[in-house]
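This report goes through a structure in short sections. Look at the sequence and the model before reading on.

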Amino acid sequence: MSDNNVLLRVDNLVKHFPIMRGVFQRQVGAVRAVDGVSFDVKRGETLGLVESGCGKSTTGRAILQLYRPTSGSVDFDGVDLVKLKGENLRIMRRKMQMIFQDPYASLNPRMTVGEIIREPLLVHNVATETEANERVKELLELVRLNPAFSTRYPHEFSGGQRQRVGIARALALQPSFIVCDEPISALDVSIQAQVVNLLEELQEKFNLTYLFIAHDLSMVRHISSRVAVMYLGVVVELTTRNELYNNPLHPYSQALLSAVPVPDPVIEATRKRTILVGDVPSPANPPSGCRFRTRCPIAQAQCAESRPEFREVKPGHFVACHLVS
Amino acid sequence: MPELLLDVQGLETTFKTSEGTVHAVNGVSFGLKEGETLGVVGESGCGKSVTMLSILGLIPTPPGNIKAGTAKFFDQDLLKMSRDELRAIRGAQIGMVFQDPMTSLNPVLTVGRQLTEPLMLHLGMTHKQAEDRAAELLEMVGIPKAKERLSDFPHQFSGGMRQRVMIAMALSCSPQLLIADEPTTALDVTIQAQITDLVKRLRSELGMAIVWITHDLGIVAGLAQRVLVMYGGHIIEEALVNELFANPSHPYTIGLIGSLPRVDQGENKKLTSIEGVPPLLLEKPTHCPFAPRCKWVMERCWNENPVLETVAPEHRVACWVDVKKERPR
């Protein structure tokens, strides 16, 4: 099944982190951060990835092979990244980049902004020093920073400006795919819109494909074309943005959407909330069967017995729930 | 006009830092009625937390310095009280909940020990009475098997449960005022909904006034009756919640509401962003603190700092421009 529109196909991706104990550091268990995730990302689209608990950042990193997956395949433009090693993988990395959550931690404080943005070009040997310096200027302009800032250090910038530096670095190698790992959640509200508008503009300009990882469902609704909802390491629902927000089928998606506060007191006064009881279980010891059953308002006996299949219930609308027909 | 529970006038707080004196709060005045829920919104560094910490005497001095102002709580000025007098009020008449429940609970004491402490200290309960009451309190905030969990340590609770413990502790002495500083920011949305739901229930059962500090306008919309919007150490707009959202009048408030995507609205319009960055406040602003980012800025905004003026019943705005009519006020 090959589809030219699909840039990235993730199939049954698993990433377990071993839990070691004792003097001999024997493995006594595993944190099942990502436990069988499948989805595809079409060229030029933004796939939003939301969830709570754990797993969404790990999914992003496992796709880019920053964590080597425990099993599964990540098909990027026809190449299975999981099987790649060494130089071949390094060359592929040019096409896929990442923007990190914390612009305070993801920029080396001892490097100037120019050095930070130039580094990918030099590491990948795609530009000479002079070319690279030219490119740094271009990139800074592209993310609306003054090119003269290239000699400054990260601490001289505000959070929003630092995130722009992170974006410029990600764009340096002209990638086709960018994993945006909560790129705005560390920023102030008025700055978030600036960064999101910039990301949208760049996407249009360079036909970028985004995997947009976030917990802010309002922002995900704004930026994504399709959305995948994760819960405790598995995708429970995947569909187009409007379909998910107008017609969520999985009980977790329904509860999640109803829990998001709306900045409108008139609507808030009459809104019905589904309040989930309890907490997200530990990913080291997830519930049997359906992961969500311990908090699900409509769970039945079968939900504890078998894991629900992730299936297409309507064209383009995938759900993993026994009780959705 | 009903008696004010808390009446703050002209509060000014500064901090000495290596870069100079930061003017964090620059003349903040507001009142709070009994049983009222007041939302305080603004971005980081706007002075919303420092305002409340100043009132509670929780600003370390130095580097902090409360330069001016009064904060009357039941006609006693909190800012003039001695440490011991303040300690008798904090935890007893004013409860507090902070953002990160892990760092605000003592990790080496059991939850039971931390819950019984204020009960014995402020209410003079015996150990036995305090333990019974502590279990009741945990039950009230929805922690299952409350009695057994008293002997657990904070790390044995999840983030949402810890915040419930904090709320139980804050409410343990039946305070007239609860100050909550971003209490749900560290939690995921489904847990956040649990906590706001809990606070709404407790508010109607116990009838305390609440000051809820947050950057999330969505939470304010669902919880607060009145809202203060802060920017650059000033209150720049104050209104009843419905009025504020229906009729935002300060350019910053308008920008803030416009920059929010909404989970209940689908159309893919571009977000209106506020260009520029918040002020560093290394000098006490002599002009409108929002002027450098304002679309409607005029000459006067650079010369005089606007003061709060009433534009509609219970709606005050600090701006020289009438944005709707696009002309000076």
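Is Q174(A) buried or exposed, judged by its C-beta neighbours inside 10 Å?

The model is predicted. Q174(A) has 12 C-beta neighbours inside 10 Å, so Q174(A) counts as exposed, the limit for that class being 12 or fewer. Q174(A) sits in the loop between α5 (159-171) and β7 (177-181) of chain A. Its phi is near 50°, a positive value in a residue other than glycine.

N207(A) also has a phi near 50°. This residue belongs to the loop between α6 (189-206) and β8 (209-213) of chain A. N207(A) counts as exposed because it has 10 C-beta neighbours inside 10 Å. Most residues other than glycine have a negative phi.

## Chain B as a whole

Chain B has 12 helices and 14 strands.

## Cis peptide bonds in chain B

The bond from T61(B) to P62(B) is cis, with omega near -15°. The bond that joins P62(B) and P63(B) is also cis, with omega about 5°. P62(B) lies in the loop between α1 (48-55) and β4 (64-73) of chain B, and P63(B) is in the loop between α1 and β4 as well.

## Contact between the chains

Chain B gives 40 residues to the contact and chain A gives 36 residues. On the side of chain B that touches chain A, α8(B) gives the most, with seven residues. That side consists of 18 nonpolar, 15 polar and seven charged residues.

Terms used. Residues numbered from 1 in each chain as written. Chains lettered and ligands numbered in written order. Predicted model: local features only at pLDDT ≥ 70, side-chain atom pairs only at ≥ 80, totals over all residues. Helix = DSSP H or I, 4+ residues; strand = E, 2+ residues; numbered from the N terminus. Contact = placed C-beta atoms within 7 Å. Nonpolar A, V, L, I, M, F, W, Y, C, P; charged D, E, K, R; others polar. Buried ≥ 20, exposed ≤ 12 C-beta atoms within 10 Å, placed from the backbone.
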